[in-house]
Amino acid sequence: MRQFDRHQGLVAPMDRANVDTDLIIPKQFLKSIKRTGFGPNLFDELRYLDEGYPGQDVANRPLNPDFVLNQSRYQGASVLLARRNFGCGSSREHAPWALEDFGFRVIIAPSFADIFYNNAFKNGLLLITFDEATVDRLFQEAEAEEGYRLDVDLESQQVITPHGETLTFEVDSFRKQCLLEGLDDIGLTLKDGDAIADFEQRHRQARPWLFRQAG
Amino acid sequence: MAGQTLYDKLWSRHLVKERDDGTALIYIDRHLLHEVTSPQAFEGLRLAGRKPWRLDTNLATPDHNVPTTLKERAEGNAGIVDPVSRIQVETLDDNCTSFGIEEFRINDARQGIVHVVGPEQGATQPGMTVVCGDSHTATHGAFGALAHGIGTSEVEHVLATQCLIQHKMKNLQVRVEGELGLGVTAKDIVLAVIGKIGTAGGTGYAIEFAGSAIRELSMEGRMTICNMAIEAGARVGLVAVDDTTIEYLRRRPFAPSEKYLDAAVADWRELVSDADAAFDKVVELDAAAIEPQVTWGTSPEMVAGVGAQVPDPAAAGDETVQQGVSRALEYMGLQVGQQITDIQLDKVFIGSCTNSRIEDLREASRVAKGRKVADTIQLAMVVPGSGLVKRQAEEEGLDKIFLEAGFEWREPGCSMCLAMNADKLGTGEHCASTSNRNFEGRQGYGGRTHLVSPAMAAAAAIAGHFVDVRDFGAGRAANDDSQVQEA
Ligand code: SF4
């Protein structure tokens, strides 16, 4: 997994609640059997004026000038500012793959959907939750000031605004450690292989019908 | 000490290890796979040189990309016209073969939507942990199993370790007491719940659905409700085990053998919340007050009773909510104050893991019987959830009822629920759909989805617009019902 410790980046404000994973990456792009290459189709239905399909050259597609990520001042944005319940709906991990592939490293919102939250961290994205009032204020600042950048430090769990304001955020220590060290959590779990095997044996004795070969 | 909730019991039964950082390792009993969210997980295993921890726990079937017309299905994978879809299904077949995982392939009679197949086979059992790379895995909680959707990285994690790293959820009880009105179904209950608590109301919680109205439901109805727990933000939906659960499981292929059945049943009976269990939150609904529901917007919480009108954004919550409602009305092409029953429809879809089981098809067929789909409906399709559902429906003659009424009778799969195959809405088309998501573009680019129950969808197909299924004599077969002429 990609490591994350500190990141400074341009902020793009996406002023819309309940952004679902169908919107983040529409289903026609889920047919890929790869993990990469989803960036050009991130928010496809909002970004382009026509209907997208896999394998197409996006360079010739008409862009929706009203969509935030198409505006010149947000080119190169790597911090996404979003509204409540971001990432709801389908469990598709293609959503964080697309966000990451596009270039986002941090998403800030008042709340995230559970499965998306999990998936994002597993792909090196840092998700930060602030209360509605704080997010509102960041929206106002990011919209008012061109070139608005945030400095995000995972180690100290702080976001520093261009005005020098410091905002502290919560993140659970397991996810934090995995991100900081870029750890492969399968490898970590397999270190507990003996505990798993012991559990499995007790489980099989207590409830043999859960194991098919038990007959 | 307070008693345990059903969720607490399931959690502690599968707890391998608690870590200092507050996470826990949870053992997984059943892992279901489909073609969309598994290829990258298998690839990850291969790259790392890892093997599946335990093979007999896995069961796979392709569902999202499979075509639903007989002609294409006759050719197996070769009949999948879109080459990208075909490769995805073939990749699942190859991965299952090379890793030794049991799979019901495209033309196996047991193939179907993974959340229909698991319970139907008895592969979903009370007391299990069930996961799948699909958010509607919540469905399986209807059996008193701890079931939730996972991402592709977690699919790989489960394959390699038989465990997941989890945080314990909070407990939410949704109590639905009283008796449902005639023609009001499980789908209406769950839409009403989402309308009440919102699409984020269950975030961080496992929802246990309880109360007399839930107890009265069949397993199919309970699955419909748990299926949509995720639409209320909860990864997990649960219903306690009772006789209905146990009866459903008897003699299913994966169910416990005679040798273990008594022990298993005794064990399953413990899978209820203790009378003194404490829930972090309780929400109550009066079943008798629930009307047939119709979504008018682009989120499942944008829902109303069929007798209502399209709402005014100005009357909705805070600014963010108001914006959401305005945007939804624009996308859906609806006017403030318009009667829900005045929404004209172009297509009707009866299917999906929410409502494609035998009981759903029976419900819809009762409304369709002896009637005709309105001329203004371009396509009304019924897509059974599995090959076995299809077979049973045909044995009961339901296919004939649908065909005579002018519905298409298709082969099993996800179909127009998310339109990854050829079944989709055109831009601007309105669809009465028994599926679970009405997000923008979900059923096709620019398509407009209205979520309803199977009976409501069938009635809408006959009328050409939404109608209150209770005026249609729901639950009774129609002979010559003047409502139909009038519609
Ligand atoms: S029927 Fe729809 S919701 Fe269910 S698994 Fe298939 S695509 Fe997902």
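Which residues lie nearest the centre of the largest cavity? I shall come to that after a word on the model.

This is a predicted model, in which local features need pLDDT of at least 70, side-chain atom pairs count only at pLDDT 80 or more, and totals for chains, interfaces and linings use all residues. Residues are numbered from 1 along each chain as its sequence is written, chains are lettered from A and ligands numbered from 1 in the order in which they are written, and side-chain values use heavy atoms, with hydrogens and water left out.

Let me begin with the cavities. A cavity here is a set of points, on a 1 Å grid over the protein atoms alone, where a 1.4 Å probe fits but cannot get out; its lining residues have an atom within 4 Å of a point. Three cavities of 30 Å³ or more are present; volume is the space filled by probe spheres set on the points, which are joined across faces, edges and corners.

The largest cavity holds about 230 Å³ of space. Of its 25 lining residues, B:His64, B:Asp134, B:His136, B:Leu418 and B:Arg442 lie nearest the centre. By class, this lining has nine nonpolar, eleven polar and five charged residues. Ala, Val, Leu, Ile, Met, Phe, Trp, Tyr, Cys and Pro count as nonpolar, Asp, Glu, Lys and Arg as charged, and the others, Gly among them, as polar.

The ligand sits in this largest cavity, meaning that more than half of its atoms lie within 2 Å of the grid points.

Chain A contributes 63 residues and chain B 78 residues to the contact, defined as heavy atoms within 4.5 Å. About 6200 Å² is buried between the two chains, with carbon and sulfur atoms giving 54%; this is the accessible area (1.4 Å probe) lost on putting two parts together, summed over both. A:Lys31, A:Trp209 and A:Arg212 supply 13% of the area that chain A buries against chain B, more than any other three residues.

Ten salt bridges are counted between chain A and chain B, each a side-chain nitrogen of Lys or Arg within 4 Å of a carboxyl oxygen of Asp or Glu. A:Asp184 and B:Arg50 meet in a salt bridge through their side chains, at 3.1 Å from N to O.

How values were computed: On a 1 Å grid over the protein atoms alone, a cavity is a set of points where a 1.4 Å probe fits but cannot get out, and a pocket is an open set with protein on both sides within 12 Å along at least five of seven lines; lining residues have an atom within 4 Å of a point.
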